[in-house]
Amino acid sequence: MSDTVLAARGIEVQFGGVRALRGVDLEVRPGQIVGLIGPNGAGKTTFVDAITGFVPCNGLIQVAGREVSHQRPHARVRAGLSRTWQGVELFDDLTVAENLAVAARSLSLRATVRDMIGRRSTDMASILETLEDVGIADLAHAFPTELSEGQRKLVGIARAFAARPRILCLDEPAAGLDTTESAHLGTQLRRLGDQGTPMLLIDHDISFVFGTCDHVVVLEFGQVIASGAPKVIRSDPRVIAAYLGQESDPGEKVQA
Ligand SMILES: Nc1ncnc2c1ncn2[C@@H]1O[C@H](COP(=O)(O)OP(=O)(O)OP(=O)(O)O)[C@@H](O)[C@H]1O
Ligand SMILES: [Mg+2]
């Protein structure tokens, strides 16, 4: 497990009588973008909630070789595990840069202290750098209501990326985007991945996932039913049966 940025072993989550995850193993290695796909209710969001500490689970979770299984969410963020949520919630009365400033300030005591000693300009510089990295520096002073859905998604990603995570978990970043917007998002994510930020990427847009990821894990009823390179997963009979159904072209978008 030493060369993994994220290692999850035997993750189990139970909601009352529902066994949402039944012993899920998943790894993300340096430089990888790993896709997590599966039908509605398969347990994808629950997996991210479990590893980031938002729902209790059994199993082992390591970030860069360090166990975080029993840590609270903010401690896991400090360990390098950052995420977005299925819906992007931005503060509409704050600019894009201010939305990131709010996230950054709640992330670490150091940032708060830096604020207290009046080095806001450094904060703003690093926020602008983050927006630059995600390719939306020109939107720094725009308000969320002025943005397209694709741009809002990128702001949500920038907010998670502001923590300079060791690994970034993205829950359906392409939901609600048209084909051009998801292609643009895929390019930006691939660029961030190639620059050294590994990711776990959940989405129902199969062509987006297959086109962006190095490795794909398929969940069904809380269990991993397949794991491999996109071209292998694309033609796996169990995956086709469970998820892609009768589609002759797995490049088509499967809506949530
Ligand atoms: N807080 C909760 N309480 C009870 N059951 C839950 C809770 N969250 C999720 N579940 C159940 O756990 C299972 C997995 O749900 P989850 O949201 O993880 O699926 P998903 O793969 O993310 O689906 P989607 O593609 O629709 O986002 C489902 O049966 C769901 O109803
Ligand atoms: Mg989900």
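Start by selecting helix α6, where 11 of the 13 residues are buried, so the helix is mostly covered. You are looking at a predicted model, so keep that in mind as we go.

**Stop 1: helix α6**

Colour the buried residues of α6: Gly-150, Arg-152, Lys-153, Leu-154, Val-155, Gly-156, Ile-157, Ala-158, Arg-159, Ala-160 and Phe-161. Now look at the helix from the side. From the first C-alpha to the last, α6 reaches 18 Å, close to the 18 Å expected for its 13 residues at 1.5 Å a residue. An α-helix has 3.6 residues a turn, so residues three or four places apart point the same way.

**Stop 2: the nonpolar core**

In soluble globular proteins, nonpolar side chains tend to be buried together. Which residues have the most contacts inside the largest nonpolar core here? Select Leu-36, Ala-158, Ile-167, Leu-200 and Leu-201 to see them; the core has 68 residues. Helix α6 (residues 149–161) gives the largest share of this core, six residues.

**Stop 3: Ile-167**

Leaving aside neighbours within four places in sequence, what is Ile-167 in contact with? The list is Val-5, Leu-6, Val-28, Val-63, Gly-80, Leu-81, Pro-198, Met-199 and Leu-200.

**Stop 4: around ligand 1**

Zoom to ligand 1, which has 12 residues around it. Show Phe-15, Asn-40, Lys-44, Thr-45 and Thr-46, which come nearest. The elements giving two or more residues to this shell are β2 (18–28) and α1 (44–51), and α1 gives the most, with three.

**Stop 5: two loop residues with positive phi**

Go to the loop between β4 (58–63) and β5 (66–67) and select Ala-64. Its phi is near 50°, a positive value in a residue other than glycine. Is Ala-64 buried, exposed or partly exposed? Ala-64 counts as partly exposed because it has 17 C-beta neighbours inside 10 Å.

Finish in the loop between β7 (167–171) and α7 (179–194), where you will find Glu-172. Glu-172 is not a glycine, yet its phi is positive, at about 55°. Is Glu-172 buried or exposed? Glu-172 is buried, because 21 other C-beta atoms lie within 10 Å.

Technical notes: Residues are numbered from 1 along each chain as its sequence is written. Chains are lettered from A and ligands numbered from 1 in the order in which they are written. This is a predicted model: local features need pLDDT of at least 70, side-chain atom pairs count only at pLDDT 80 or more; totals for chains, interfaces and linings use all residues. A nonpolar core is a set of buried Ala, Val, Leu, Ile, Met, Phe, Trp, Tyr and Cys residues joined through C-beta atoms within 7 Å. A residue is buried if 20 or more other C-beta atoms lie within 10 Å of its own, exposed if 12 or fewer, and partly exposed in between; C-beta atoms are placed from the backbone. Helices (H or I, at least four residues) and strands (E, at least two) are DSSP runs, numbered from the N terminus. Two residues are in contact if their C-beta atoms, placed from the backbone, lie within 7 Å. The expected span of a helix is 1.5 Å times one less than its number of residues. A residue is near a molecule or strand if its C-beta atom, placed from the backbone, lies within 6 Å of it.
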